[in-house]
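Please keep the sequence and the coordinates open while you go through the points.

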Amino acid sequence: MQMPNKSVAVRKLRGVAVGEAVEVLLVAGVLLGFTIFLMSYATAGGGPTMYSKEQQAPQINLAQQALDRVVLQNSPIAVRSGQSWRIVDLALAASGPLYQPQLDDSKLAELFPAAGGQLCTIQQKAFADATGISQAALVDYGLLKPAVGSLNFDYVSILKNFFGRDWDKYDITLIIKPLVNLTICPNLQVSNVAIQRRDPMCAGVQQGVWVRSTAGGRVVATAVYCTTNAGCDLSSRELTLAYNSGVGLWEARLEVPSSYLQGLGTVASLVIFAERVTYPRAMDFYVFNTTSRSLAYGMYGYDGRVWFMHDATVSCGSGNIPALGIRRLDIYTGGGFVTLAQDVTLDPGIGAGAVKVDMCQNCVSNARCAACWVQPPAGALFAVAWIERNSQGGNAPGSTIVVVPLFPTPPNAVIRVDTWLRWTPVEPQLQAAVATRIVDSRSTTYSIQLVLYKKP
């Protein structure tokens, strides 16, 4: 296979623009409404507080301090625990953001459930031992996400980090929800394969590629088209969403070059990223594909690394035994591509002796790596791996490309953490206070609510 051109010209993903005045006023109104409601008693189902006004005041302050800690403090939130991972903190601030507060997308990705997709078992013990992940959900073409079963919440550690010695007097519910749902909706027929998205937002979408949203505004859609012999080409277009009264959503059609739809899943890959540049922020991505045979799988792990594994090591894979070659592994940072590894060989090693897991740069020649990893630089948006099989691969594609987004997948999911689950499956009826805030991450604007429960 010819190597991709290292001097590929790329266009920088559009930054987030200043919001239109009317939408800023709308957000301010939402914040004001939250403030008015701020510390009235309201569980997820509603209800009055049992505390007097005098008793309520310190709880109001405590709830706000706890929420401030979530959005302002930066520290690792996940730790390895044997063959699994534990969430021990909810300090979600980004390190050194352009402004404060700002949430860390990688930490949100750790908290997102693996919504939808087929559940896959990691069959290679070397990989499970190295990562502490034994199950993953198939999110998209060649893309896995650690399954919920591999992630546990250490509620006691979380509460101790928030309340110190008094941790056992309190419980919290933390809900993080995107303010705007932005969804890419394809309806295409390519190579006798129907490319459609099963999502309520995409119901009844017309032929073509559409961007739909629960709010109007301007969106920049960036198509990333990569081929096995010519690298990646990026094309960005700005769209203005118009209201469709028939579906009750805002939408715009995205014209995709016909050349971008050729060879998908065999010698080319196409991913579209949509970014709402009218405030509040919103983001989505979609991988276009015409085959399920991805040769290898990429996964963004709890440890911030990007992992690549041979498909024979995953129950959802095709089971091809021959070695695979990752001819090139690039990371896109927003300013261009950075090559992190080349000529990597992955060998499942099934029935053929011991294998290992190592840095991709160390898995060349006969290194006997079943899987490998790279550490993306800060601010990276996605990884691209050019993969080919050897001549014994049967009817599997000779080569393919896997794209791994480095932000929450799916980006529109809701995060909810309930520490009271440590002792009861039923939400407590006694609530002390509620604090709310609207905070940006690098890709999305979130509404955050922290509910404080205090034992009488």
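This is a predicted model: local features need pLDDT of at least 70, side-chain atom pairs count only at pLDDT 80 or more; totals for chains, interfaces and linings use all residues.

1. Five strands make up an open sheet of mixed pairing, and their order is β3-β26-β27-β8-β25. At its edges are β3 (102–103) and β25 (415–418), each of which pairs on one side only.

2. Strand β27 and its partners. Strand β26 (residues 433–441) pairs with strand β27 (residues 445–454) in the antiparallel sense over eight bridges, and the two form a hairpin with three residues between them. Within this pairing, A433 stands opposite L452 of β27. On the pairing of β8 with β27, the sense is antiparallel and there are nine bridges; here T173 has V451 in β27 as its bridge partner. Nine of the ten residues of β27 are buried, so this strand is largely enclosed by the rest of the structure.

3. The helix across the sheet. Helix α5 (residues 155–163) lies across β8 (170–178), β25 and β27, and the helix runs at about 95° to β8.

4. Aromatic pairs around W307. In the whole structure, 14 aromatic pairs are found. One of them is the edge-to-face pair of F127 and W307, with 5.6 Å centre to centre and 85° between the planes. This pair links distant parts of the chain, since F127 belongs to helix α4 (residues 125–131) and W307 to strand β18 (residues 306–310), 180 residues apart. F127 is buried, with a relative accessible area of 1%, and W307 is buried as well, with a value of 2%. W307 also forms a tilted pair with W373, at 6.3 Å centre to centre and 50° between the planes. Because W307 lies in strand β18 and W373 in strand β22 (residues 369–374), this pair ties together parts that are 66 residues apart in sequence.

5. Other ring contacts. W373 has a further contact, in that the charged end of R305 sits over its ring, 3.8 Å from the ring centre. Elsewhere, the charged end of K455 sits over the ring of W423, at 6.0 Å from the centre. A single aromatic cluster is formed by F273, F285, Y332, F337 and F382.

6. Disulfides. How many disulfides does a search of the whole structure find? The search finds five, and with the bonded cysteines numbered in sequence order the pairing is 1-6, 2-3, 4-5, 7-10, 8-9. Among them is the link of C120 to C316, with an S to S distance of 1.8 Å, which is left-handed at -100° about the S-S bond. C120 lies in strand β4 (residues 118–121) and C316 in the loop between β18 and β19 (324–332), so the pair ties together parts that are 196 residues apart in sequence. C120 counts as buried at 0% relative accessibility, as does C316 at 16%.

7. Two further disulfides. C185 is joined to C202 with an S to S distance of 2.1 Å, and this link is left-handed, with -75° about the S-S bond. Since C185 lies in strand β9 and C202 in the loop between β10 and β11 (208–213), the parts tied together are 17 residues apart in sequence. The disulfide of C360 and C372 has an S to S distance of 2.1 Å and is right-handed, at 80° about the S-S bond. Both C360 and C372 are buried.

8. Most residues other than glycine have a negative phi, and most peptide bonds are trans. The peptide bond from Y279 to P280 is cis, with omega near 0°, and P280 lies in the loop between β15 (268–276) and β16 (282–288). S191, which is not a glycine, has a positive phi of about 50°; S191 is found in the loop between β9 (182–190) and β10 (193–196) and counts as exposed at 56% relative accessibility. D343 likewise has a positive phi, near 55°, but its place is in strand β20 (residues 337–346), where D343 counts as partly exposed at 41% relative accessibility.

How values were computed: Residues are numbered from 1 along each chain as its sequence is written. Side-chain values use heavy atoms; hydrogens and water are left out. Two strands pair if DSSP finds at least two bridges between them. Helices (H or I, at least four residues) and strands (E, at least two) are DSSP runs, numbered from the N terminus. Contact means heavy atoms within 4.5 Å. Axes are lines fitted to C-alpha atoms, for helices over the stretch in contact, and angles run from 0 to 180 degrees between N-to-C directions. Buried means under 20% relative accessible area, exposed over 50%, partly exposed in between (1.4 Å probe, protein chains only). Rings of Phe, Tyr and Trp (its six-membered ring) pair if their centres lie within 6.5 Å; planes under 30 degrees apart count as stacked, over 60 as edge-to-face and the rest as tilted. A charge sits over a ring if NZ of Lys or CZ of Arg is within 6 Å of the ring centre and within 35 degrees of the ring normal. A disulfide is a pair of cysteine sulfur atoms within 2.5 Å.
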